[in-house]
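Thanks for coming. I will go through the aromatic residues in this model, and then the core around them.

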Amino acid sequence: MIPFSDDIQGRTLPVVTVLLILLNSAVFLYQLSLPAEQLESFIRSNGVIPARLAALGSQPTETLVVTARSMFGSLFVHGGWWHLIGNMLYLWVFGDNIEDRMGHLRFLLFYLLCGMAAGVAHQLANPASTVPAIGASGAVAGVLGAYLLCYPFARVLTLIPLFLLWPVVQLPALVVLGGWFFLQLLNGVAAIGVSAQTAGVAWWAHIGGFLAGLLLLPLFDRPQPRRYYYDLGEPRGGGGFPA
């Protein structure tokens with residue numbers, strides 16, 4: 001499923017969401033400018049490589065510094081146009097409302113923590129992997145988890161690829177994001193025991209980021225002002241979930 005928009009109107013400009021999209025895009029354009037050997041080195045330097053922790057006993061300080069740096073740097077490196085576009089589309093559709101709820105700086109910290117939690121989950125699931133894991137998907141997954149809790153019944157305009165038919169329909173966020181997480185979990189379980197190089201996708205990074213979003217939301221969410229609607233000139237309190 002490919003989401004295009006939702007029906008939740010924000011109150012503030014999604015400054016951090018836009019800046020994250022621009023930063024990810026700028027880093028990707030920089031990647032395109034690199035020769036093949038430099039690009040490979042750039043990805044290995046910034047990607048999460050679980051097997052690096054094997055050197056923890058002999059070089060603890062250097063290993064921890066490199067691992068921490070890659071946990072952060074990997075969030076802004078992508079493996080191709082579709083990898084970048086997919087992540088940024090999900091961030092654009094769902095990130096603005098979570099930023100609106102949390103505030104700009106709180107949202108930025110939340111996003112980065114979810115991304116790092118995704119990196120930890122990938123480390124735990126693939127401890128011997130020498131393949132760099134890159135991409136913003138773990139951090140974006142955290143945003144999806146928070147959105148699911150905040151707006152489960154928001155209507156999401158979604159493209160559904162079905163062989164020759166590609167209908168665009170409105171679906172509840174519970175279906176769109178719940179279905180997304182179920183697929184990650186299904187693939188993650190199926191990938192247990194399979195090398196990261198063979199699997200190709202860091203499923204457990206997605207799962208870890210999503211769960212981090214669910215768990216961290218209460219720490220970063222702010223009390224939401226009550227909205228009012230008007231019917232024939234008579235105000236009434238807004239019901240349902242706060243937007």
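Start with the cluster: Tyr90, Phe94, Tyr147 and Tyr151 form one aromatic cluster. Rings of Phe, Tyr and Trp (its six-membered ring) count as a pair if their centres lie within 6.5 Å; planes under 30 degrees apart are stacked, over 60 edge-to-face, and the rest tilted. This is a predicted model, so local features need pLDDT of at least 70 and side-chain atom pairs pLDDT 80 or more, while totals for chains, interfaces and linings use all residues. Residues are numbered from 1 along each chain as its sequence is written, and side-chain values use heavy atoms, without hydrogens and water.

The whole structure has 10 aromatic pairs. Tyrosine 90 and phenylalanine 94 have ring centres 6.0 Å apart and planes at 40°, so they are tilted. Both lie in helix H4, 4 residues apart, about one turn of the helix; helices here are DSSP runs of H or I, at least four residues, numbered from the N terminus. Phenylalanine 94 is buried at 0% relative accessible area, where buried means under 20% with a 1.4 Å probe, protein chains only. Tyrosine 90 is buried too, at 13%.

Phenylalanine 181 and phenylalanine 210 are a stacked pair, 4.4 Å centre to centre with 20° between the planes. They link distant parts of the chain, helix H7 and helix H9, 29 residues apart.

Terms used
Helices (H or I, at least four residues) and strands (E, at least two) are DSSP runs, numbered from the N terminus. Buried means under 20% relative accessible area, exposed over 50%, partly exposed in between (1.4 Å probe, protein chains only).
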